[in-house]
Amino acid sequence: QVQLQESGPGLVKPSQTLSLTCTVSGGSITTTYYAWTWIRQPPEKGLEWMGVIAYDGDTYYRPSLDGRTFISRDTSKNQFSLQLSSVTPEDTAVYYCASWDTTTLSYDYWGQGTQVTVSS
C-alpha cells in the first residue's frame, strides 16, 4: 500500500516562498509510468492541479501560476517537493500530493493534505 504524507510550514508570510515535501512509502517515486503531483484546494473552491514530476524527473507546471512553481525530488529519500514563490493570501489552501498512474490516467493515492495559510 502506497502512502503519501505532506509536511511543511502551515503559515507563510506574503512574498515569501512556500515549501512543502511529500514523503512516499510503500512505493518508489522512480516507478515507471508514475507521476507525482501537487494539487491544492483554496477555501470554498475546487481542486487545482499545480504541477507534476514524472518517474524520469521531467516536470510540468500549471501555466497560470506564472512560473512561481518548482517541483523537485530526492530519490534517496523517496520524496518530492513543491516550492511556490512570491505567495499572496490567494495561495492559502489545503495542499495535497498524489500519485498519477499514466497508464490508467487516474490518481491512485493521495496524501491527507496540509493547510497552508499565507498571512502576515
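Trainee: In which sense do strand 2 and strand 11 pair?

Mentor: This is a predicted model, where local features need pLDDT of at least 70, side-chain atom pairs count only at pLDDT 80 or more, and totals for chains, interfaces and linings use all residues. Residues are numbered from 1 along each chain as its sequence is written, and side-chain values use heavy atoms, leaving out hydrogens and water. Strands are DSSP runs (E, at least two residues), numbered from the N terminus, and two of them pair if DSSP finds at least two bridges between them. Strand 2 (residues 11-12) has two bridges to strand 11, with Leu11 opposite Thr117, and the sense is parallel.

Trainee: Which residue of strand 11 stands opposite Tyr95?

Mentor: Look at strand 9 (residues 93-101). Strand 9 and strand 11 pair in the antiparallel sense over three bridges. The residue opposite Tyr95 there is Thr114.

Trainee: Why does Ser99 count as buried?

Mentor: Ser99 lies in strand 9. Beyond its neighbours within four places in sequence, its contacts (heavy atoms within 4.5 Å) include Leu4, Trp36 and Tyr109. Ser99 counts as buried because its relative accessibility is 0%.

Definitions and conventions
Helix = DSSP H or I, 4+ residues; strand = E, 2+ residues; numbered from the N terminus. Buried < 20%, exposed > 50% of the residue type's maximum accessible area, 1.4 Å probe, protein only.
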